[in-house]
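Subject: Structure handover

Hello,

Please find the structure below. My notes on what was found in it follow.

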Amino acid sequence: EFVKVIDKDELSTLSDQEIFNRLNEIGSLNLQDYQEKVMSEIKGKDLINQARSAYTNGEFEVAIQLIDSIRNAYPLAMEAREQGILLKDSVYLEQAHEELKKLVEQGGSDSQLEELQNKIKFYLRKLQHDKEHRRTH
């Protein structure tokens, strides 16, 4: 939905009531946008809390699905999406740690162990980078 902006030439032809109505329309749209953003954040943070719970319970795939759903369902929930990035990094890091433990128990090859160690290093660096470059909205 778009709001028509009043240009100089049109301004002189509008009554006071018409100007008031246009300005009121602009204000109500801004309020609607704000309310939509706030509701998106609330719902996005609810999904983040569910994802944290899944992560804590070792349900990593569920946590990732919940985090990914925020972008599609609540694109205006920027704060929740930022938190989701960090949580997703943590999930991937924990998955890599668990994979490494299993591989060590099973006597994996040196190349497999090295690959998982590199994966862990990558997610540690990514998590650190994302924490340092996190924005608040």
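Rings of Phe, Tyr and Trp (its six-membered ring) count as a pair if their centres lie within 6.5 Å; planes under 30 degrees apart are called stacked, over 60 edge-to-face, and the rest tilted. A search of the whole structure finds three such aromatic pairs. Before the details, two notes on the source. This is a predicted model, in which local features need pLDDT of at least 70 and side-chain atom pairs count only at pLDDT 80 or more, while totals for chains, interfaces and linings use all residues. Residues are numbered from 1 along each chain as its sequence is written, and side-chain values use heavy atoms, with hydrogens and water left out.

One of the aromatic pairs is Tyr55 with Phe60, which is tilted, with 6.0 Å centre to centre and 50° between the planes. Buried means under 20% relative accessible area, exposed over 50%, and partly exposed in between (1.4 Å probe, protein chains only). Phe60 is buried because its relative accessibility is 9%, whereas Tyr55, at 25%, is partly exposed.

Tyr92 and Tyr123 also form a tilted pair, at 5.4 Å centre to centre and 35° between the planes. Tyr92 lies in helix 4 (residues 78-106) and Tyr123 in helix 5 (residues 110-132), so this pair ties together parts that are 31 residues apart in sequence. Helices (H or I, at least four residues) and strands (E, at least two) are DSSP runs, numbered from the N terminus. Why does Tyr123 count as buried? Its relative accessibility is 14%. Tyr92 has 24% and counts as partly exposed. Ring pairs link Tyr92, Phe122 and Tyr123 into a cluster.

Next, Glu41. This residue sits in helix 2 (residues 16-56) and is buried, because its relative accessibility is 11%. Its side chain reaches the backbone nitrogen of Met78 at 2.8 Å; a polar contact is a pair of N or O atoms within 3.5 Å, where within protein one must be able to donate a hydrogen and the other to accept it, and residues adjacent in sequence count only if both atoms are side-chain atoms. Leaving aside residues up to four places away in sequence, Glu41 touches Leu76, Ala77, Met78, Glu79 and Ala80; contact means heavy atoms within 4.5 Å.

Finally, the chain as a whole. It has five helices and zero strands. Of its 137 residues, 28% count as buried. Among contacts between residues at least 6 apart in sequence, 62% join residues at least 24 apart.

Regards
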